[in-house]
Amino acid sequence: MRLGIIGCGQLARMMALAGIPLGLKFSFVADGGPDTDLSCVEGLGPVAPWQPGQSISALYEALGKPEVITVEKEQVDLDLVRALEAHCTIRPNVDSIAKCKSRIHEKQLLAELGIPCAPFTYDVSLEESAKTLGYPMVIKSLDEGYDGKNQWVVRSDQDLANVTPELKQGHYLAEQWIPFDAEVSIIGVRSASGEVNCYPLTENQHQNGILLRSMAPARGLSAEMVQQAQSYMTKLLEAQQYVGVLAMELFVVGDKLLVNELAPRVHNSGHWTQLGAQTCQFENHIRAVAGLALGATSAIGKTGMLNLLGVVAPPMDALSSNASLHWYNKAAKPNRKLGHINFMLDDYTQLASQMQSVEQSLVKC
C-alpha cells in the first residue's frame, strides 16, 4: 500500500519512518514552490513538485497512485486537496482540514459542539474588539499563524494603533487574553472503523511562541480535567468523522480547560510518544489513515521532549541511556526546529533538570 503526504517537512519524515516498518510505501507532494527544502524526506520515497495550475492527474501519477493521501500541515491549498480527492481517499477529510486551516471556522466548530474557548470577536474593528474584550487581547490572523507568527499581543491603545495599519478587517480575529495556570495539549486518534483513543495530556512550555519543552503525563491535573479534555477530543473526532491524529492545545484556568487551537495532524507536543507511549502518534496516524487497527496510547513512563531550535549540529553529547535524538536533516537557521530529544526518567524534577542542562549546553546559530 502506498500513502501520499502533502508536505516535505519533519512531520512527513517521522510519519514515513513510522510507517515503513509496517510495509507501507510513501510519496511526498512538494507544495512550497521551487525552493522547497526536501532534505527531511530524502530517500524515503518519490517527491512530486506541485504548483497551482499544474495537472492533478500528472501529479497523482508522479506520486505512484497512492491509495490514501494525508497532510503534515493544515496550511495546504484546499483546491489541491479537493482535486486529489477525485483520485483517492483523503484522510483526515477535506472538511476537517479546512476548518482547522481557518481560525474563525475552528472557533465556530468549537461553539457548535459546546467546547469552551477564549471569548473572541471577528469581522469588527480592532477598536470595537478592544471595547468588547478589554486589554490585554491577542490579535491573530485567520491562517498562517503558527509558532508565534502572525499574532500580536495588544495591551494598550498605543499597541492597538501600532498594529492597526497591518491588519485588514475580516482577515483576523481578536481573543481575550487568558491568564492561564498552564498550557497543555491532548493528542487523539480515530480509526477508519470509528475507534477513538487518546494519549495522556502533555504539559507544554513555549519560548517566543514556539514550543520548547513538553512533559507527559501532565502534572497537577485532576481526573475530572483529564476526562474533560478526552470528552472534548472525542466530540471533535466523532462529529467530523475524522480519521487520523488530531491535536488540541488547551489553557488550564483553575479547574477548567479552554481550547486554544486545533491541528489536523501529528503535532510537536506529541513527539514524546516516540519514547514514552506504547505506540507513537506517528505510527497511530499512519495506522488510522491506512485503515489499520490502532495501537495502544498508554504512557510507559514519565517523558520529556526538548525541541532543538537553531542548533548548529546534532548534539551527540546530550545522548545518554535515557535519551533518544531525532534529527530532521534540515539546514540550520536561528529558531528553526531542527530536531528534538526525548528523555525518560522516574522523577519529574530530575527530568526537568536534565532537559534544562541539555538546553543550556546547546550550540545555536
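**Stop 1: two packed helices**

Select helix H4 (residues 94–101) together with H5: the two pack at an angle of about 110°, and their axes lie 5 Å apart. H4 is therefore roughly perpendicular to H5, because angles of 65 to 115 degrees count that way. Keep in mind on this tour that the model is predicted.

Now show the side chains at the contact. From H4, pick Ala98, Lys99, Cys100 and Lys101. From H5, pick Arg103, His105, Glu106 and Leu109. Colour them by type: three are nonpolar, one is polar and four are charged.

**Stop 2: along H5**

Stay on helix H5, residues 103–112. Which of its residues are buried? They are Arg103, Ile104, Glu106, Lys107, Leu109 and Leu110.

Zoom in on Lys107, which is found in H5. Is Lys107 buried or exposed? Lys107 is buried, at a relative accessible area of 4%. Select what it touches beyond its neighbours within four places in sequence: Cys117, Ala118, Phe120, Leu173, Glu175 and Asn260.

Then step off the end of the helix. Just after H5 comes Gly114, with a positive phi of about 70°.

**Stop 3: the five-stranded sheet**

Move to the open sheet. Its five strands are ordered E3-E2-E1-E4-E5, and the pairing is parallel. Strand E3 (47–49) and strand E5 (89–90) are at the edges. Each has a single partner strand, so one side of each has no neighbour in the sheet.

Select strand E2 (residues 25–30) and E3. They run parallel, joined by three bridges. Find Val29: its bridge partner in E3 is Ala48.

**Stop 4: Val289 in H10**

Pick Val289, which has its place in helix H10. How is Val289 placed, buried or exposed? Val289 is buried, with a relative accessible area of 0%. Leaving out neighbours within four places in sequence, its contacts are Leu3, Val68, Thr70, Arg91, Val243 and Gly244.

Now draw a distance from Val289 to Pro334. The two are 45 residues apart in sequence and 34 Å apart in space, C-alpha to C-alpha.

**Stop 5: Tyr60 in H2**

Select helix H2 (residues 56–62) and find Tyr60 in it. Tyr60 is buried, with a relative accessible area of 11%. Not counting residues up to four places away in sequence, Tyr60 touches Lys65, Pro66, His87 and Cys88.

Draw another distance, from Tyr60 back to Val29. In sequence they are 31 residues apart; in space they are 9.5 Å apart, C-alpha to C-alpha.

**Stop 6: the cores**

In soluble globular proteins, nonpolar side chains tend to be buried together. Here, the largest nonpolar core has 38 residues. Which of them touch the most other members? Select Leu3, Phe26, Phe28 and Phe282.

H1 gives the most, with six residues.

Beyond its neighbours within four places in sequence, Phe26 is in contact with Arg2, Leu3, Ile5, Met15, Ala16, Gly19, Ile20, Leu44, Gly45, Pro46 and Ile286.

There is also a second, separate core, of 25 residues. Among its members are Ile186, Tyr242, Leu246 and Val259.

**Stop 7: helix H1**

Go back to H1. How many of its ten residues are buried? Nine are, so H1 is largely enclosed by the rest of the structure. Select them: Gln10, Leu11, Ala12, Arg13, Met14, Met15, Ala16, Ala18 and Gly19.

**Stop 8: an antiparallel pair**

Finish on strand E7 (residues 137–141) and E8. They pair in the antiparallel sense, over four bridges. Pick Val138 and look across: Val153 in E8 stands opposite.

Trp152 and Val154 are on the covered face. Gln151 and Val153 are on the uncovered one.

Key: Residues are numbered from 1 along each chain as its sequence is written. This is a predicted model: local features need pLDDT of at least 70, side-chain atom pairs count only at pLDDT 80 or more; totals for chains, interfaces and linings use all residues. Side-chain values use heavy atoms; hydrogens and water are left out. Two strands pair if DSSP finds at least two bridges between them. Buried means under 20% relative accessible area, exposed over 50%, partly exposed in between (1.4 Å probe, protein chains only). A nonpolar core is a set of buried Ala, Val, Leu, Ile, Met, Phe, Trp, Tyr and Cys residues joined through side-chain atoms within 4.5 Å. Contact means heavy atoms within 4.5 Å. Axes are lines fitted to C-alpha atoms, for helices over the stretch in contact, and angles run from 0 to 180 degrees between N-to-C directions. Angles under 35 degrees count as roughly parallel, over 145 as roughly antiparallel, 65 to 115 as roughly perpendicular and the rest as oblique. Ala, Val, Leu, Ile, Met, Phe, Trp, Tyr, Cys and Pro count as nonpolar, Asp, Glu, Lys and Arg as charged, and the others, Gly among them, as polar.
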